[in-house]
Amino acid sequence: QVQLVESGGGLVQPGGSLRLSCAASGRIFSINAMGWYRQAPGKQRELVAAITSDGSTNYADSVKGRFTISRDNDKNTVYLQMNSLKPEDTAVYYCNAGVAYGRYEYDYWGQGTQVTVSS
């Protein structure tokens, strides 16, 4: 079993910054891609950013230039640095990890952390 624990959410004013962290623990051999998703009230969950094991990244158009995803493979941890936050970034942010077991991969999700951007 694998657990993903997120931290770093909270309330921030427009234009402010937050840094999310997500640490994976448990029975882990290796992790392929890790990513951050978000879900706002009344909307579908959407990909915010993803990073592969070799560091290749992918961002939603709405966050390009403002958010940066990174990871520490030794710590099985992924980060999301969020700058220039806007009210429309308000959502519950979920961490995702694709954990590899040989030729199989299983998806795991964190419990979510609330990010609220408001004055």
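## Strands, core and ring contacts

In strand β1 (residues 2-7), side chains alternate between two faces. Val2, Leu4 and Glu6 share one face and are buried. The model is predicted.

β1 runs antiparallel to strand β3 (residues 18-26), and 6 bridges join the two. Within β3, Ser25 is the bridge partner of Gln3.

Next, the core. The largest nonpolar core holds 32 residues. Trp36, Leu80, Met82 and Tyr93 touch the most other members. At least two residues of this core come from each of β1, β3, β4, β5 (46-51), β7 (67-72), β8 (77-82), β9 (91-101) and β11 (113-117). The biggest contribution is that of β9, with 6 residues.

Now the aromatic rings. The whole structure contains 2 aromatic pairs. Arg45 also takes part in ring contacts: its charged end sits over the ring of Trp109, and Arg45 lies over the face of Tyr94 as well.

| Charged residue | Ring | Distance to ring centre |
|---|---|---|
| Arg45 | Tyr94 | 3.8 Å |
| Arg45 | Trp109 | 4.8 Å |

Last, a loop residue. Phe29 lies between β3 and β4 (30-39). Is Phe29 buried or exposed? Phe29 counts as exposed because its relative accessible area is 71%, and the cut-off for exposed is over 50%.

Notes
Residues are numbered from 1 along each chain as its sequence is written. This is a predicted model: local features need pLDDT of at least 70, side-chain atom pairs count only at pLDDT 80 or more; totals for chains, interfaces and linings use all residues. Side-chain values use heavy atoms; hydrogens and water are left out. Buried means under 20% relative accessible area, exposed over 50%, partly exposed in between (1.4 Å probe, protein chains only). Helices (H or I, at least four residues) and strands (E, at least two) are DSSP runs, numbered from the N terminus. Two strands pair if DSSP finds at least two bridges between them. Rings of Phe, Tyr and Trp (its six-membered ring) pair if their centres lie within 6.5 Å; planes under 30 degrees apart count as stacked, over 60 as edge-to-face and the rest as tilted. A charge sits over a ring if NZ of Lys or CZ of Arg is within 6 Å of the ring centre and within 35 degrees of the ring normal. A nonpolar core is a set of buried Ala, Val, Leu, Ile, Met, Phe, Trp, Tyr and Cys residues joined through side-chain atoms within 4.5 Å.
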